Amino acid sequence: MRRAQFSLFARNFFKHPRMLGSIIPSSPFLVQRLLERVDWQRARVVVEYGPGVGTITRELLHRMPPESTLVVLETNQDFVDFLEQSLPDPRLQVIKGSAETIPAELARLGLPDADYVLAGIPFSTMPATSRESILTRSLDALSPQGSMLIYQFSSKVLPDLRRVFSKVECDFELLNVLPARLYYCHP
């Protein structure tokens, strides 16, 4: 399974380098650092943008309560197919689509606002209008006590995060290829 994940991820990196931030999936250290901010007792609706081969998705499903829902939005059909085949979990909703549609997707699924939104999509390589749209729609999709947890390989998104969210905390994980910046954003 790990070989298939790595192979699919690497092939898609070479096909779409601007859509993936790294040639290999996130390290266990990055996943742990990102998820240590999640209060699992209140994680009923969790959203993940750009799950790729499901490195973080698997860990989310492992930790989430049985009555919770994980909604993942992925634009790459290869990754959508892989996730649907490799993660047969009734809590998982795999959607082929853009993070810009998250409020509509939650409404379509009959779900309340998200408790957490996780994103590793490459904000630094997308047009400013798309970045702004994703961030403001993510804020709209969050519950008042919710958080958006972001990891990036550049600090380019930080001014946008500070403009959209009322509180942004920063962190760093060195043990990842590439070292990652983490941002914890609150409404």
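Contact means that heavy atoms lie within 4.5 Å of each other. The model used here is predicted, so local features need pLDDT of at least 70 and side-chain atom pairs count only at pLDDT 80 or more, while totals for chains, interfaces and linings use all residues. Residues are numbered from 1 along each chain as its sequence is written, and side-chain values use heavy atoms, with hydrogens and water left out.

**Exercise 1. Find the residues that Phe123 is in contact with, leaving aside neighbours within four places in sequence.**

Step 1: look at the core. A nonpolar core is a set of buried Ala, Val, Leu, Ile, Met, Phe, Trp, Tyr and Cys residues joined through side-chain atoms within 4.5 Å. Buried means under 20% relative accessible area, exposed over 50%, and partly exposed in between (1.4 Å probe, protein chains only). In the largest nonpolar core, which has 29 residues, Phe123 joins Tyr49 and Met148 in touching the most other members.

Step 2: Helices (H or I, at least four residues) and strands (E, at least two) are DSSP runs numbered from the N terminus. Among the elements giving two or more residues are strand 1 (45–49), helix 6 (128–141) and strand 5 (142–152). A second, separate core has 26 residues, including Leu34, Ala43, Met64 and Tyr184.

**Exercise 2. Describe how helix 2 packs with helix 3.**

Step 1: take the geometry. Helix 2 (residues 28–35) and helix 3 (residues 55–63) pack at about 50 degrees, with axes 10 Å apart. Axes are lines fitted to C-alpha atoms, for helices over the stretch in contact, and angles run from 0 to 180 degrees between N-to-C directions.

Step 2: name the arrangement. That angle makes helix 2 oblique to helix 3 (under 35 degrees is roughly parallel, over 145 roughly antiparallel, 65 to 115 roughly perpendicular, the rest oblique).

Step 3: list the residues. Helix 2 uses Val31, Gln32, Leu34 and Leu35, and helix 3 uses Thr55, Ile56, Glu59, Leu60 and Arg63.

**Exercise 3. Is Ser138 buried or exposed?**

Step 1: check its relative accessible area, which is 0%, so Ser138 is buried.

Step 2: find its partners. Leaving aside neighbours within four places in sequence, Ser138 is in contact with Tyr49, Ile102, Val117 and Met148.
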